[in-house]
Amino acid sequence: MEMAAPQPIPIRTDLVFRPAPVDHATTNGSPRNSAAYQSQSRHKHTRSSYSESSPLTAVSRNNSLSFRPLKRAAPTPDKTIAVINASGRQAASLIRIATAIGYKVRAQLRNLEGVIATEVSTNPNVTCFVGELYLRKKANDNRDVTVNTHIPGISVNHELITQLFSGAHLAFINTTFYGNEQAIGEAIADVAKKAQVQHFIYSSLPDHAAYNPEWPSPPLWAAKHKIEEYIRKIDLPATFVYTGIYNNNFTSLLYPMFCMELQKDGSFEWQAPFHPDAKLPWLDAEHDVGPAIIQLFKDGPKKWNGKRIALAYEYLTPMEVCEAFERGLNRPVIYKRGPIEVRVKIPEGYAEQLKALDKLFPWQNPDAKKQPPYFGDIEIERTVPEGALGLWEGPRGMEEYASEIFPMEEEANGMTWMFDDEEQGDEGVNHHNHHNHNHHNSTAEPDNGTATAPIPEASDEDDDDSSVDEGLVMRGLRRDEEAWLA
């Protein structure tokens, strides 16, 4: 399959949003070593996204419930944006910014569980449509619906999609693997076309086999690739953003690929199959998707129709990522190259994806130059990070994420390692306490250099376990339930 060459991406200067000046020696204008700063926080890390009751919230600058103010006045937009998967990081980032400057949003949510869903559903500028984008023919059907193929008895929820687009002028769509992603994505495109949406922005990803037949086709990414092709086929005025790897993927929970596992000595270890010296594109989805999408809407399809944009603000090797985390956390962070290993149940669709990624990024590959580009097309990858910076020049980098946000997300999941040692009492570094929380869908990386465990297939005995359908979620003391993969 031959892909059209991507269009060059110009660098912007006339941005609507500008970042607040950052002085790394200060926090909210107070020097970090001042008495005022010390009185505001008893802890090493001082930013929180999740709970006003958290001692880490006091000096929050830009978290999931706040945003940088506009530098100059801008006209209030009189348009409505249709958004699906509104509690996912990409969509939620857009909704925060868009509603703050006057857009209206029509948002689909799978359910109202979790802090982000609560934030979206209580926003006065958001009209919510709660329900799945797929339908089960039988009410007691608890089958896993994450495999990207036709499943008998599972259909597209056309009524919900039609309601969502009623009165919408713009759309930001990030499809997920629940309920035949390709069929849902194509249905959304058809409804958007019928509704005469003026600008349709789709969060896409590559089918690597389309660029090199020797590369495997990651099924969850390939579905997005096919949806992108369909959108082009029906001539929607559309732009395609290719998001880098989320900084927000990192967690000490035993989730696949990005488990930053806490060790007994208080250090962290990240094991993944990526070559330690091969560059990868990175994005803080929570912080930086929204402003970039707003700029695309502001410029409109006249400038961006048909373009593919690498939405990634840093191009870092795994070693550089660990160095940034080490600086941000002020503790050792080690990269350990190794295979993907799964020890617990995960959604079937995600298991298939991991198998493909295991082949696409083989951990035994000795040559960094032979690792396939993350975005499939090397020409797209060459625009990282300049293309994204042309849309939004105030991103949150990996070191800032590690210092300010990673400890807050960890605390929201019930971890205590970020507190001063003397405050932990008998708990010590709490390096494995989190394994006992209710994370029945989490996955794990190996503790040491053991052989790769096979990625499990869904078995018949799992058919009546609806927990599989819920995917990977974050649960903890200050977070009810939040999707991890979205």
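Guide: A residue is called buried when its relative accessible area is under 20%, exposed when it is over 50%, and partly exposed in between, with a 1.4 Å probe and protein chains only. Cys128, at 26%, is therefore partly exposed, whereas Cys322 is buried because its value is 3%. This is a predicted model, in which local features need pLDDT of at least 70 and side-chain atom pairs count only at pLDDT 80 or more, while totals for chains, interfaces and linings use all residues. Residues are numbered from 1 along each chain as its sequence is written, and side-chain values use heavy atoms, leaving out hydrogens and water.

The setting comes first. The protein chain contains 13 helices and 19 strands; helices (H or I, at least four residues) and strands (E, at least two) are DSSP runs, numbered from the N terminus. Of its 486 residues, 59% are buried. A contact means heavy atoms within 4.5 Å. Among contacts between residues at least 6 apart in sequence, 76% join residues at least 24 apart. There are zero disulfides, a disulfide being a pair of cysteine sulfur atoms within 2.5 Å.

Now to the rings themselves. Rings of Phe, Tyr and Trp (its six-membered ring) pair if their centres lie within 6.5 Å; planes under 30 degrees apart are stacked, those over 60 edge-to-face, and the rest tilted. By this rule there are 21 aromatic pairs. One of them joins Tyr242 and Phe375, edge-to-face, with 6.1 Å from centre to centre and 85° between the planes. This pair links distant parts of the chain, 133 residues apart: Tyr242 belongs to strand 10 (residues 238-243), and Phe375 to the loop between helix 10 (348-360) and helix 11 (378-381). Both Tyr242 and Phe375 are buried.

A further pair is formed by Phe258 and Trp282, whose ring centres are 6.3 Å apart and whose planes meet at 80°, so this pair is edge-to-face. Phe258 is buried, as is Trp282. The two also belong to one aromatic cluster, whose other members include Phe250, Trp270, Phe325, Tyr401 and Trp417.

A charge sits over a ring if NZ of Lys or CZ of Arg is within 6 Å of the ring centre and within 35 degrees of the ring normal. The charged end of Arg110 sits in this way over Tyr178, 3.7 Å from the centre of its ring.

In the loop between strand 17 (333-337) and helix 10 lies Gly338, which counts as buried because its relative accessible area is 2%. Gly338 is in contact with Gln271, Ala272, Pro273 and Trp363, neighbours within four places in sequence being left aside. From Gly338 to His275 the C-alpha distance is 9.4 Å, although 63 residues separate them in sequence.

Helix 7 (residues 285-299) contains Val289, which is buried because its relative accessibility is 0%. Apart from residues up to four places away, Val289 touches Gln90, Ser93, Phe172, Leu283, Asp284 and Leu311.

Two backbone features complete the picture. Most residues other than glycine have a negative phi, and most peptide bonds are trans. Asp235, in the loop between helix 6 and strand 10, has a positive phi near 60°; at 57% relative accessibility, Asp235 is therefore exposed. Val384 and Pro385 are joined by a cis peptide bond, with omega about 0°, and Pro385 lies in the loop between helix 11 and helix 12 (386-389).
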